[in-house]
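Okay, thanks everyone, let me put my model up on the screen.

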Amino acid sequence: MPDPRHALLQLILAGGATAPRRTLVQSHGCPARALAAGASAWRSAGLSAAQVQGLRQPDTERLHRALHWLEAPGHHLVGWHDPDYPALLRQTGGPPLGLFVDGNPARLWHPGVAVVGSRAPTAGGRDNAACFARAFVQSGLAIISGLAAGIDGAAHRATLAAGGLTIAVLGTGPDLSYPRGHAELRHQIAHTGAIVSEHPPGTQARPGHFPGRNRIIAGLALGTLVVEAAERSGALITARLAGEAGREVFALPGSIHNPMARGCHRLIREGVALVQTPDEVIAALVPVALELAAALRGRLEEAPSSPHIGGDPGIPTMTGAHKQLWLALAHDPTSMDCLAERTGLTTAELSSMLLAMELDGRVAVEHGRYSRKS
């Protein structure tokens, strides 16, 4: 039977409609069995003649390039069938068959907000994107965007400067930078956050790839904030896809004389929430964050109500890094930097665990400092 990773790559490289290939994998349990099922089963699942031919005669050059990319440290392929596939993205109408990730795939489970907007924003728009991103980081949220020029880049950079977690979703292969001027930014995000693409390594930018990228941005996020957008804008596509996925959508109002505000004003007229402060966004996302925390607890098989250990009623049953963090917390507020020093964990790892503990009612946060709840 073919190697599971090899089989998933063949299914991805077959191209065409994603839904039939997901059906094929689901009906057979894993990519290897789906590939071994043969042409009759492929056609029964709804694959087109071109897809069947693509599975029979795979593009070996692209296949070997992808396998070579996956050999490098930090490079991963997460399939739709994999239990580590991001829970929020799985719930959307058209989740990708697989995700190429440069970074830690677990970071895709971190509760986050999509911050999107114009590639040619005003100075005020850049400032607003950075301001909201910094506030979201302080609340423990990740920032998800598309690595584009303008608002995307401003949100990514502000998050990195604040020591937060940011995820960039590409419309190219995971090994390419688009625009090219963002190569260093892409490297920084891969090092501390995650670069994500549904396209195999080596895939160049094409106009048709970006609406698909936008659906992943919207699908990974608890909600989407549009900072500035013209009336015809990719950010509006992201907002529409977020709404179709049942996620919250927010828009910042702007001057009636600013053409980059007209897309936001259109969204507001259509019923999208008008927001003026980051706290308004954060408060609206709490219910969705609770759902994600529950899914994450299930994936990690955590038991928040389990018996206590060591005879200390203040220490719930935990293992590994969660226990290490709990022991590092005090009843006096403690900064993120201090917790990182005590535990040796990264800011991204700490913020993810602290948010889950906060939602469980174990941890209090005030002005970016954390303490145990009595």
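Quick definition before the pocket: by pocket I mean an open set of grid points where a 1.4 Å probe fits, with protein on both sides within 12 Å along at least five of seven lines. And keep in mind that this is a predicted model.

So, the second largest pocket holds about 310 Å³ of space. It has 17 lining residues, and the ones closest to the centre are Ile12, Gly15, Arg21, Glu198 and His199. Which elements give two or more residues to that lining? Those are α1 (4–13), α2 (18–28) and α11 (209–220).

Now the cores. The largest nonpolar core has 31 residues, and Leu99, Leu108, Leu220 and Val226 touch the most other members. Elements supplying at least two residues each include β2 (98–103), β3 (112–116), α11 and α13, while α12 gives the most, with five. Take Leu99: beyond its neighbours within four places in sequence, its contacts include Leu77, Tyr85, Leu108, Val196 and Ile216. There's also a second, separate core of 27 residues, with Ala7, Ile12, Leu47 and Leu77 among them.

Last, helix α13, residues 262–269. Gly263, Cys264, His265 and Leu267 are buried there. What do the buried residues of α13 pack against? They pack against β7 (223–226), α12 (234–244) and β8 (248–251). After α13 comes Gly271, with a positive phi near 110°.

Technical notes: Residues are numbered from 1 along each chain as its sequence is written. This is a predicted model: local features need pLDDT of at least 70, side-chain atom pairs count only at pLDDT 80 or more; totals for chains, interfaces and linings use all residues. Side-chain values use heavy atoms; hydrogens and water are left out. On a 1 Å grid over the protein atoms alone, a cavity is a set of points where a 1.4 Å probe fits but cannot get out, and a pocket is an open set with protein on both sides within 12 Å along at least five of seven lines; lining residues have an atom within 4 Å of a point. Grid points are joined across faces, edges and corners, and a volume is the space filled by probe spheres set on the points. Helices (H or I, at least four residues) and strands (E, at least two) are DSSP runs, numbered from the N terminus. Buried means under 20% relative accessible area, exposed over 50%, partly exposed in between (1.4 Å probe, protein chains only). Contact means heavy atoms within 4.5 Å. A nonpolar core is a set of buried Ala, Val, Leu, Ile, Met, Phe, Trp, Tyr and Cys residues joined through side-chain atoms within 4.5 Å.
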